[in-house]
Amino acid sequence: MEAKTAGYDYVIVGSGSAGSVVASRLSEDPSCRVLVIEAGGPDRGFWLRLPVGYFKSIYSPRVTRQFKSDPGEGVAGRCIDAPRGRVVGGSSSINGLIFIRGQHEDFNDWASQGAEGWDYHGVLPHFRRLESFDGPPSQYRGAEGPLSVSRLRNKSVVCDDWLAAAEADGLPRNQDFNGASTYGIGAYQLTLRGHWRESAATAFLHPALSRPNLTLVTGAQATRILIESGRARGIEYLTDGEIRRVDVDAEVILCAGSVQTPQLLQLSGIGAPEHLEAAGVRPLYELPGVGENLQDHLQMRTIVELKEPLSLNDQVRSPIGLAKMGLQWLFGKSGPLTVGAGQVGGATRTRYAEGDRPDLQLFVMPLSVDKPGTPLHRYSGFTTSFWQCHPKSRGWVRIRSADPLADPAIQPNYLSDPLDEKVMVEGMKIVRRIYNRPEFAPRWGREVVPGAGQQTDAEILDACRRMSSTVYHLVGTCRMGTDPQAVVDPRLRVRGVEGLRIIDASIMPTIPSANTNAAALMIGEKGASLVKEDRGHPRHQQSLDRPL
Ligand SMILES: Cc1cc2nc3c(=O)[nH]c(=O)nc-3n(C[C@H](O)[C@H](O)[C@H](O)COP(=O)(O)OP(=O)(O)OC[C@H]3O[C@@H](n4cnc5c(N)ncnc54)[C@H](O)[C@@H]3O)c2cc1C
């Protein structure tokens, strides 16, 4: 059954990190009618708001979509969990709260790959505009934006010792990874408002919902983009078991993330004809890059057992420890409950790094788990994770069928490039070197993961293949650029289809060196400003216009 909804100027598909920003910025103009269609439900609930609730939400089917990668040779034939937020706020409502933009060069790389205007100087004003940082003012930081970014609010003596060991190993202290450089070690910043999680929804979308020109529909999954005479005219979506249609006067804006944006394009007949036909979808527009160029950070965790009960694993098992944490959170707005995925770490260089640029990111937590969302270990675990900043492996997202509710194939091809293998092996050596410095060595007795048995390069690589996981940074599947494989141009317009834009993490040409939420938010800011600039200006005919 098909019901019709009134027209809007803009329909935004997805209320995640980027979508929430776009919705807020576009609806600043009262003459602009904006509709947001979100597959998930409202972002209510204590665990979504409590920072440490990350460990609860990540595998909750109520607020996530539990994708898995296809088996990968580079990861010993394993399928890797790839959850994404399916809730208002998207993945920003369930993520680990780490707020780090990446290296300046990451964005200069985008520009050199054809993303004109997206070099560091082109993106910095948008990074500054979106945040209110509680640290000292600087030319790099914003103080008046909607998103509250906080310095770490938890102390740990073992983390302090780890930092001292890393410093002794030659890494400088870095007071602000979002400043001049990511190089060095220090505390991570978090998306926190007081002692609560700050998501894109709490910062951008909810405050804007009082505007009469902004409508949010939840529990509504876009199933197809409606294209007539080469122009996106609206979308079809599924809600309460009913297919509905909404028409659009200006643009359809896809903010469904790196898995579901390419999926929606493919379901709508936009992509590589051979992949669409194989899935039973009639190709309408040939854009071979749709779903390709998938990139992610593959993370390897190392765990050592502490000699004293200084791990959070110990504290959560003691009623006194738990009560202390609760009081710290409630009255001090601090302590372990204000932390999500990690607290200290930094960026360093392996011998494969290019010039001064770090190629390894480090994350340290005074706890240990098999994977986020599972119980803390019963021993006094301490974790250092690492990942390669600029992996060369590339994969894809491809629909398997024309069913919009089916999961697409996700193949990141982890560790399929020889450089990626070498950097991971070096990463393990660096982490062990830090563990063995006199500043940290007295703290621990046993290496639990990967285990002292894994020593040669071949053994370490094998351990990485068997034990690594994702840090949930899937990006790049609708790459921006100007070459034939690019899906969107640097103004984020889908090449060859009028009135259709993509504003989310899928447009990144290459993965930033660090966590991807800050960059996704920035894409929302810059993308919205491009839409505003183009509003009312008839779009120039694009060079590529190839209806099949
Ligand atoms: C578990 C986890 C932990 C993470 N931890 C961190 C971290 O600590 N720091 C960091 O920087 N990054 C982290 N990330 C990554 C970061 O959160 C993402 O890169 C970022 O949120 C991506 O933003 P996005 O706007 O592209 O997509 P999302 O935020 O995922 O938003 C996509 C939205 O679109 C909706 N949607 C999808 N398809 C449809 C459809 N067909 N119809 C309607 N709605 C649809 C989804 O429900 C979702 O709300 C983490 C990610 C995950 C999943």
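Predicted model: local features only at pLDDT ≥ 70, side-chain atom pairs only at ≥ 80, totals over all residues.
Which residues is W118 in contact with, leaving aside its neighbours within four places in sequence?

**Stop 1: W118 and the core**

Show the contacts of W118. Leaving aside neighbours within four places in sequence, they are F107, W110, A111, V123, M480, P490, L492, I507, M522, I523, K526 and L530. Now widen the selection to the largest nonpolar core, which has 80 residues. W118, L265 and L500 are the members with the most contacts inside this core. Colour helix α14, residues 517–534, next. Helix α14 gives the core its largest share, 9 residues.

**Stop 2: T510**

Move to the loop between β26 (500–502) and α14, where T510 sits. Is T510 buried or exposed? T510 has a relative accessible area of 16%, and the cut-off for buried is under 20%, so T510 counts as buried. Draw the side chains of T510 and Q113: a polar contact of 3.3 Å joins them. Beyond its neighbours within four places in sequence, T510 is in contact with D109, W110, Q113, Q295 and R394. Keep two of these names in mind. W110 is also on the contact list of W118, and Q295 returns at the next stop, in a cavity lining.

**Stop 3: the second largest cavity**

Go to the second largest cavity, with about 90 Å³ of space. Select its lining: L294, Q295, D296, L298, Q388, P391, S393, P412, Y414, L415, D420 and M424. By type, the lining divides into 7 nonpolar, 3 polar and 2 charged residues.

**Stop 4: the loop between β23 and α12**

Stay on L415, one of the lining residues. L415 is in the loop between β23 and α12. At 7% relative accessibility, L415 is buried. Check its backbone: phi is positive, about 50°, although L415 is not a glycine. Most residues other than glycine have a negative phi.

Now select N413, in the loop between β23 (409–411) and α12 (418–435). Phi of N413 is near 55°, also a positive value in a residue other than glycine. N413 has 21% relative accessibility and counts as partly exposed.

**Stop 5: a cis peptide bond**

Finish at V449 and P450. The peptide bond from V449 to P450 is cis, with omega near 0°. Most peptide bonds are trans. P450 lies in the loop between β24 (444–449) and α13 (457–467).

Conventions: Residues numbered from 1 in each chain as written. Heavy atoms only, no water. 1 Å grid on protein atoms, 1.4 Å probe; cavity = no way out; pocket = protein on both sides within 12 Å on 5 of 7 lines; lining within 4 Å. Points joined across faces, edges and corners; volume = space filled by probe spheres on them. Nonpolar A, V, L, I, M, F, W, Y, C, P; charged D, E, K, R; others polar. Core = buried A, V, L, I, M, F, W, Y, C linked by side-chain atoms within 4.5 Å. Buried < 20%, exposed > 50% of the residue type's maximum accessible area, 1.4 Å probe, protein only. Helix = DSSP H or I, 4+ residues; strand = E, 2+ residues; numbered from the N terminus. Contact = heavy atoms within 4.5 Å. Polar contact = N/O pair within 3.5 Å; in protein donor to acceptor, adjacent residues only side chain to side chain.
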